[in-house]
Amino acid sequence: MAANPKSAAAANVRAKHWHQGVPFHWMRDWPSPFPLVAASAEGATLTTIDGQKLDDFCLGDTAAMFGHSPPSLARAIAKQAKRGLGYMLPVEGVERVGALLAERFGLPFWQVTTTASEANRAVIRWARVITGRSKILIFNGCYHGAVDDVFVDMRGGVAETRRSLVGQVYDITQHTVVIEFNDFDALAAALAREDIACVLAEPVMTNVGMVLPQPGFLEEIRRLTQAHGTLLIWDETHTISSGWAGHSGTYGPAGDMMVIGKSIGGGVPCAVYGFTEDVAHAMIKARSKLPPGHSGIGTTLSANALAIAAMEAMLGKVMTREAYDHMLSLAAKLVVGLNGVIARRALPWHVTNVGTRVELICTPVPPKNGSEARAAMDHELESLLHLMLVNRGSLLAPFHNMMLVSPATAVDALERLVANLDDCAQTLSEQAP
Ligand SMILES: Cc1ncc(COP(=O)(O)O)c(C=O)c1O
């Protein structure tokens, strides 16, 4: 509070007109007594209005995974801003973005939405109309955005609509089946009933801490979905951090559809979903049987000119193989550094890592599913760590202990994070009762 008097004062003024003092409610989720106000961010450094410079490992919860305002993105946005932003017509450049997506992710057809939530809602609709089945299958602890169908939890082995939802009036479990990640038997049993339209999943669970797939689990999802006429949809909004072609493009197996959001526009709201030729044909056939009218998919700003310009810059010039090489090698260094702290301080914690995403989990044993991952979370300890780290100059996302490495992240920022964590661990152990 002493270091951020302007942010504190701004919080008081904001409270006059913004509900609970913020323009969007998750800005209250930070562990500080008031959110720090960002003045600017460049590369992997964020500067507050009090002039505090923070090494940013949150990176907008992946929106800025490839750094804040990379110069080619900033130029593309500025150029497009002078030419109009929303016409409801394809702009020049759409053809290039389509080719970039197809070449990178190996799926021939694509559509653009404004958010990944919207893309997920779209693919669920398509899967249902194509298969003629109403149910979808998800994994306990997943998050795919503000998507009603997906807010189902498993408690004590029983599915239930998430209790915290605002204004929820129908029972989501009617059409959503939930099982634990890495549960081969439950997967086989659920798909054998042949009433599931799609499996919607992240190849690595990233929203409940991080849960890695056990060897063969992703391949089993692929095999069984194919065997039972269920579409496999990979939501790679976060796992695009696994490698240049995302997780499925780097490690396999390929899905029938895929969703990518957030970082693909570098912070400009946009997302995409891609699909195979078979799915494309099935989409056309399904639509031809319906009367004309609104499909229930998409919003006015979908595929607007700014989104297309942003994606062309990101895919063509920012999310390059060289950028990934840098990110992957630094993430590997971060893992070594964090493991060093854990060993030195004899902490009952571990580090999980895929690609450029590193997660510090405050239990000794890696969780193998959503229930175990939830049980492993210690919200009080996480908040304390985040607060102590931000006071030392390292910014983590307010949710769990996720650290993202961008192409702009420097080795010294990484070393500071490791040293800061070491200092936090020492301070905490000195003060432990
Ligand atoms: C895996 C995954 N999919 C989709 C989304 C939704 O993205 P958005 O909030 O941009 O709609 C998120 C958001 O964090 C996510 O983690």
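How many residues surround the ligand, and which are the closest? In this predicted model, where local features need pLDDT of at least 70, side-chain atom pairs count only at pLDDT 80 or more, and totals for chains, interfaces and linings use all residues, 14 residues surround the ligand. The closest are S117, N207, D235, H238 and K262. Residues are numbered from 1 along each chain as its sequence is written, and side-chain values use heavy atoms, with hydrogens and water left out.

A polar side-chain atom of S117 lies 2.6 Å from a ligand oxygen atom. For K262, a polar side-chain atom is likewise placed 2.6 Å from an oxygen atom of the ligand. An N or O atom in the side chain of N207 is 3.0 Å from a ligand oxygen. On its own, the ligand has 390 Å² of accessible area, and the protein covers 86% of it. Accessible areas come from the Shrake-Rupley method with a 1.4 Å probe; for residues, only the protein chains shown count as cover.

Helix α4 (residues 116-131) gives the most to the ligand shell, with three residues. Helices (H or I, at least four residues) and strands (E, at least two) are DSSP runs, numbered from the N terminus. By class, the shell holds two nonpolar, eight polar and four charged residues. Ala, Val, Leu, Ile, Met, Phe, Trp, Tyr, Cys and Pro count as nonpolar; Asp, Glu, Lys and Arg count as charged; the others, Gly among them, count as polar.

Helix α10 (residues 321-344) was examined next. The helix has 24 residues and reaches 35 Å from its first C-alpha to its last. This is close to the 34 Å expected at 1.5 Å a residue, where the expected span is 1.5 Å times one less than the number of residues. The buried residues of α10 include Y324, M327, L330, L334, L338 and V341. Buried means under 20% relative accessible area, exposed over 50%, and partly exposed in between (1.4 Å probe, protein chains only). An α-helix has 3.6 residues a turn, so residues three or four places apart point the same way. The partners of the buried residues of α10 are α3 (94-105), α9 (305-318), β13 (350-354), β14 (357-361), β16 (402-404) and α13 (411-431). After α10 comes A346, with a positive phi near 50°.

Helix α12 (residues 379-391) has 13 residues, which should span 18 Å at 1.5 Å a residue; its end C-alpha atoms are 18 Å apart, in agreement. L381, E382, L385, H386, M388, L389 and V390 are its buried residues. They pack against β3, β15 (394-395) and α13. Just after α12, G393 takes a positive phi of about 105°.

Two buried polar residues were also considered. N140 lies in the loop between β5 (135-139) and β6 (152-155). N140 is buried, with a relative accessible area of 0%. Its side chain makes a polar contact of 3.1 Å with that of S371. A polar contact is a pair of N or O atoms within 3.5 Å; within protein, one must be able to donate a hydrogen and the other to accept it, and residues adjacent in sequence count only if both atoms are side-chain atoms. Leaving aside neighbours within four places in sequence, the contacts of N140 include D153, E180, M205 and R374. Contact means heavy atoms within 4.5 Å.

S7 lies in helix α1 (residues 5-14). S7 is also buried, at a relative accessible area of 0%. A polar atom of the S7 side chain lies 2.9 Å from the backbone nitrogen of V37. Not counting residues up to four places away in sequence, S7 touches F34, P35, L36, V37, I49 and D50.

Several loops carry backbone features. G252 and P253 are joined by a cis peptide bond, with omega about -10°. P253 lies in the loop between α7 (246-251) and β11 (257-260). Q20, in the loop between α1 and β1 (38-42), has a positive phi near 55°. Q20 is partly exposed, with a relative accessible area of 47%. D61 sits in the loop between β3 (53-56) and α2 (71-81). Its phi is positive, near 50°. At 18% relative accessibility, D61 counts as buried.

Notes: A residue is near a molecule or strand if one of its heavy atoms lies within 4 Å of it.
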